[in-house]
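Consider the structure shown here.

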Amino acid sequence: MRTLQEVPAEITPDNNGYEYFRQHAGATEHMVSDTFSQLMRQCDTEDCNAVLAAQPNVAQLIDEHKPLIDFYQQVRSYPHWYEPALADAAQALPSYHGIMHAQQLLFLQAWLAAQQQDIPTVRLLLQQDLQFWRTVLSDNNLLLSKMISIEAVKRHFSFATVLKQQIEPQQQADMMPDSWLAPFTPEELSLLQALSGEWVFGDNAIAAALKEDLARDDIAITEQLSIVLSKPFFLMQATSNDRAAMLLAQANAEVQPIQPWYSWVYNPAGKLINSLTPDYSSYQERLEGLEPLRQQAIAIN
């Protein structure tokens, strides 16, 4: 699984959209106005077309958020997305609030274009949005960011329904971007890449915790002795290998054979840690729910 975390040779900081996103995410987190936030909350709970039609200043609202729109356009312009696995538990993910708000602004742009019967612009915006999130979906190296990508794709198809309600059935085919017509790939719908990142993160977190314990100035001699004596009961490499096998089996929807009770004689502390590994099947179900949404989107109403 470690090979999945290697940086592809073609990716550099200059062509990696994640690097640009990471550097600017904090500045975009609070860029939206209260008016915009309230409008999008209404869209989530009410008839979105009616909500937007009752808002006379949609174009002005879009203009007021041009810096966030420009940020999203710049992020989408990069050909690659590579997010390194977290080095340890102290390292925080960049905030995704800004980019999710930016996606909603793109939806408003598409809605306004549909109001003006500018179908080519609607199609272009939808293509750019979904193509971006499908790229990210394939390359997410952490489970949390994978779930964020799933949510972004679901919101895309949800708002597509709003747009389709505005135009005639004969125009709906012209509105469909190429990214709607291609089925989701096995790579996009797989947890393997994200779980490999979780595996690396787990290794890093365990190693950091062990190193921190041994490096403490106030550690008592009895505690030092306890750590040394417990080493045969916790084998780092064996723990890592076992957890990799568990995660790989989950990613491939395979059932691992039940180990005999006496297997716990070897590396018992590591086995205890690995026994806490969650069941990720519910996350896989979320991924598998994306293809039906795509198929619904390409149906002409």
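A residue is called buried under 20% relative accessible area, exposed over 50%, and partly exposed in between, with a 1.4 Å probe and protein chains only. Tyr 262 has 52% relative accessibility, so this residue counts as exposed. The model is predicted: local features need pLDDT of at least 70, side-chain atom pairs count only at pLDDT 80 or more, and totals for chains, interfaces and linings use all residues. Residues are numbered from 1 along each chain as its sequence is written, and side-chain values use heavy atoms, with hydrogens and water left out.

Tyr 262 sits in the loop between α13 (236-251) and α14 (268-274); helices are DSSP runs of H or I with at least four residues, numbered from the N terminus. Helix α7 spans residues 119-139 and contains Gln 128. Gln 128 is partly exposed because its relative accessibility is 29%. Between the C-alpha atoms of Gln 128 and Arg 76 the distance is 7.2 Å, although 52 residues separate them in sequence.

What is the sulfur-sulfur distance in the disulfide of Cys 43 and Cys 48? The sulfur atoms lie 2.0 Å apart, where a disulfide is defined as a pair of cysteine sulfur atoms within 2.5 Å. By this rule the count is one disulfide. The S-S torsion of Cys 43 and Cys 48 is about 70°, so the disulfide is right-handed. Cys 43 and Cys 48 are both buried.

Leu 163 has contacts (heavy atoms within 4.5 Å) beyond its neighbours within four places in sequence, among them Trp 111, Leu 126 and Met 175.

Methods
Helices (H or I, at least four residues) and strands (E, at least two) are DSSP runs, numbered from the N terminus.
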